[in-house]
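Subject: A structure for you to look at

Hi there,

I'm handing over the structure we talked about, and I hope you enjoy exploring it. Have a look first, then read on for what turned up.

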Amino acid sequence: MNHAFSLTLVLTVAFGAAISIPLKAETVQTLQASASEPLNVESRRFTVFMGSAFHLAEATEDVQKSLAAGNITLYLHGDSVNPVVTSQAQKAALQAVWGKRGTRFLTGGGAGIAELGCCQPDPSAARNYGGRIPGLATMNLPKEEGGDGAIMTDANEADLEKKLAAVVAYPGGPRNIAPFMRPDPARPDRVWDQDAFYAPYRKLALYTGAVAIDMPSTLAMSQSAAALDNYANEIAWGIRHHLRVTLLVSPFVLGKGGCTFDHDYLQNTRAFVTYLLSKAPPPTEYAAEDYCGTQISSVNTVNGDNSPDSTNQVALYLSTLPVSPAGIAVPRMSGGSSEEAVIRAERLYSPLRTADQPDQRAFSGAPSSERSLSDINTILDNSVSRLQDMAYQSSTKVNIQGGNLNGINTPLNIYLTPKSSFLTQTHLTFSGPSANVQIVASANDATLQIFNPYNRSPSGITLGNSKDPDALKILQGNGQVLLNHPGFILSGPGEEVISIHSPAGYVALGRAQDGALVVSNSISQQDDATAIELSSPGMSPAQRPRLSTSNDGRTLSVRAPKTTFDGNISSNSLKGAGNAYACLSSAGQLYRSETPCR
C-alpha cells in the first residue's frame with residue numbers, strides 16, 4: 001500500500017537513533033517495557049502473515065524460527081507473485097519451504113493472504129497466484145474513492161460494493177476481502193465507530209465482512225495518542241461485529257519512493273501493538289510486509305530470522321501475541337464467506353487461539369431476548385469449530401443458550417470449560433413431539449447420562465429408524481437394561497466374540513466352525529483352568545457345580561456334590577469284544593476286565 005499521505009504531519013523521527021514521539025515519557029517507557037514481555041499464547045492457526053513486495057524469494061533461507069513458530073505463513077503482495085519479480089523457479093523453491101505452512105504458489109489458493117489492487121482479479125492476476133487467489137485477501141482502494149486516507153462518499157461506497165462483488169464472483173477470486181481503511185490521524189475527534197464521516201467506511205466493511213488497517217509502526221508512533229486510540233477503536237468495532245480484522249505493519253517509507261532502512265521497525269512495532277492491545281481486543285491476525293524494491297541491504301525485507309529489524313523478526317514478535325477468534329460475520333455481498341469458513345475450506349483449520357477474555361455469548365446478531373432456534377442452528381452449522389476455540393480461554397466459561405422451544409426456556413445450553421481442548425457440553429436438551437431428552441455429563445464419574453428429565457418413562461437409545469417397530473432399543477428402567485429386540489446378535493471375526501475381563505482373569509465366548517459354543521481363556525497362566533460354574537442363589541463358590549478343563553486341554557473335570565445321569569452311559573475306553581466286567585480301581589478309575597474284579 002502506498003503511504004504518501006495528502007495530510008501534513010509533523011514528524012520528529014530520527015532514523016538510526018531513538019525516536020521521539022508526542023506521548024508522555026512515562027507512557028513510552030511503560031509501552032516499551034511491556035512490549036519486551038510478549039504474551040506466550042499457544043499458536044493454533046495461522047495468525048501472522050509475512051511478506052515482501054519485491055524480495056519474497058529471499059524467504060527460503062534463515063526462516064527456521066518462523067517455520068517453527070507454527071502460526072506464521074506468507075503474505076502475497078500482487079507484485080511478489082508477478083513472474084517479472086518472482087520467477088517460476090523461485091516460486092517452486094518457496095513452495096518447497098512454505099508448502100507445509102499452507103502456501104500454494106503452483107496450484108493456487110492456500111492459507112496465505114493476497115494483497116490486491118482495486119479492482120482485481122483479472123485473468124493475469126489469478127494466473128500469477130497459480131490460477132486461484134487465496135481465499136483471504138486485502139484490497140487497496142482507489143484514492144479517488146476513499147483509499148489511502150482519502151474521503152469516501154456514499155456514492156463511492158456503492159460503487160466499491162459492485163467492484164468488490166465482481167472480484168469475489170470472478171473464477172479463482174478470493175472469498176473474503178478486507179479493504180484497507182483507517183481513520184485520519186489528523187482528525188482523532190472523528191471517532192471511527194460513531195462519526196457520520198466514517199459511515200460509508202463502516203458500511204463497506206460490513207458488506208465485505210472484513211477490514212484491514214495498514215500503518216507503518218514508526219509512522220504510527222510519531223502520531224498523537226488520540227490518533228492511536230482511533231485505530232484501536234476501529235479494531236474494537238470490527239471485533240464487536242465479528243469481522244475479520246487484519247492489522248498490517250510495515251517499515252516506514254519516508255517520502256514517495258524513498259525506501260530507506262527503518263532502524264526502529266521492531267522497536268516501534270512492539271510499542272504500537274502493545275498500545276493497541278491496551279486499548280482494544282486484538283485483531284484476528286497480523287501481517288508484516290516490506291514494500292520497497294531497492295537492494296536487500298538497504299531495506300527491512302524478509303532476509304532472515306536473525307537479521308536485525310528484518311520483517312522476519314517483526315513477524316516472530318507478532319507470533320507471540322494474542323488474537324481474537326477468526327471472523328464469523330458472513331459478508332453481505334453475494335458469494336462472500338466469513339474468515340472462519342474460508343480457513344475451514346482450505347482444510348488447514350485447527351482450533352483457534354484467543355486472548356484471555358471474560359465471559360462471551362455467541363449468537364447471530366440478535367439480542368438474547370430475540371434469539372431464535374434458527375440462530376442457534378446457524379451457530380452449530382457454521383461455527384462449531386469456533387465454539388471449540390473458545391474453550392482455550394484461561395478465564396471463565398463460555399455459555400451459549402437458545403430461546404424458547406416447547407415450553408423449555410433453554411433447550412440448548414452449552415458450557416465450554418476453560419483450558420479444555422474439547423467441547424464440553426452439559427444439559428444438551430433435544431425436544432421431541434411428546435418428550436424431551438437430555439444428555440448430561442455425570443457429576444460422579446466419566447459417563448454420559450441420557451434421560452427424560454420430566455417424567456419417569458424409560459430412557460435409552462434407538463438403533464435404526466425410530467419409526468420402525470422392530471428397531472433395536474436399549475432402554476433403562478427400574479434399574480434394569482432392557483432390549484426390545486427378539487434376538488440379540490453379536491458377531492466377531494474369530495472364535496472369540498464376547499470377551500469378559502475382571503481382576504480375577506479373562507474368559508471369552510465364541511463359536512467354533514462346527515457351530516459349537518466355545519469357552520476359552522487364551523491368555524491364561526499354565527496352571528489356570530477354563531471352566532463353567534453353575535450357581536444357585538446364596539451358593540458359595542466352593543459348592544457350585546463346576547465343569548472344567550485343564551490348561552493343556554487333556555482333562556475334563558466335573559465337580560458336584562451329586563451327579564445324576566439320565567439315560568445310558570457309554571465310554572470309548574471300555575469298549576471291547578463280548579461282555580466283560582466294569583471294575584473300579586483303588587484310584588477310582590473304571591476299567592474293563594475279562595475276569596471278575598479283584
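A disulfide is a pair of cysteine sulfur atoms within 2.5 Å. Please keep in mind that this model is predicted. By that rule, two disulfides are counted here.

Let's begin with the pair formed by cysteine 583 and cysteine 597, whose sulfur atoms are 1.8 Å apart. Which hand does this disulfide have? The torsion about its S-S bond is about -90°, so the disulfide is left-handed. Cysteine 583 sits in strand β23 (residues 581-584), while cysteine 597 is in the segment after β24 (590-593), so the bond ties together parts that are 14 residues apart in sequence. Are these two cysteines buried or exposed? Cysteine 583 has a relative accessible area of 1%, so this residue is buried. Cysteine 597 has 39% and is therefore partly exposed.

The other disulfide links cysteine 118 with cysteine 119, with an S to S distance of 1.6 Å. Cysteine 118 is partly exposed at a relative accessible area of 26%, and cysteine 119 is partly exposed as well, at 30%.

Now for a sheet. Three strands form an open sheet in the order β20-β21-β22, and their pairing is antiparallel. At its edges are β20 (530-533) and β22 (556-559), each of which pairs on one side only. From one strand to the next, the twist averages 15°. Four bridges connect β21 (residues 546-549) to β22 in the antiparallel sense. If you want to find a bridge yourself, look at leucine 547, whose partner in β22 is valine 558.

Happy exploring!

Technical notes
Residues are numbered from 1 along each chain as its sequence is written. This is a predicted model: local features need pLDDT of at least 70, side-chain atom pairs count only at pLDDT 80 or more; totals for chains, interfaces and linings use all residues. Side-chain values use heavy atoms; hydrogens and water are left out. Buried means under 20% relative accessible area, exposed over 50%, partly exposed in between (1.4 Å probe, protein chains only). Helices (H or I, at least four residues) and strands (E, at least two) are DSSP runs, numbered from the N terminus. Two strands pair if DSSP finds at least two bridges between them. Axes are lines fitted to C-alpha atoms, for helices over the stretch in contact, and angles run from 0 to 180 degrees between N-to-C directions.
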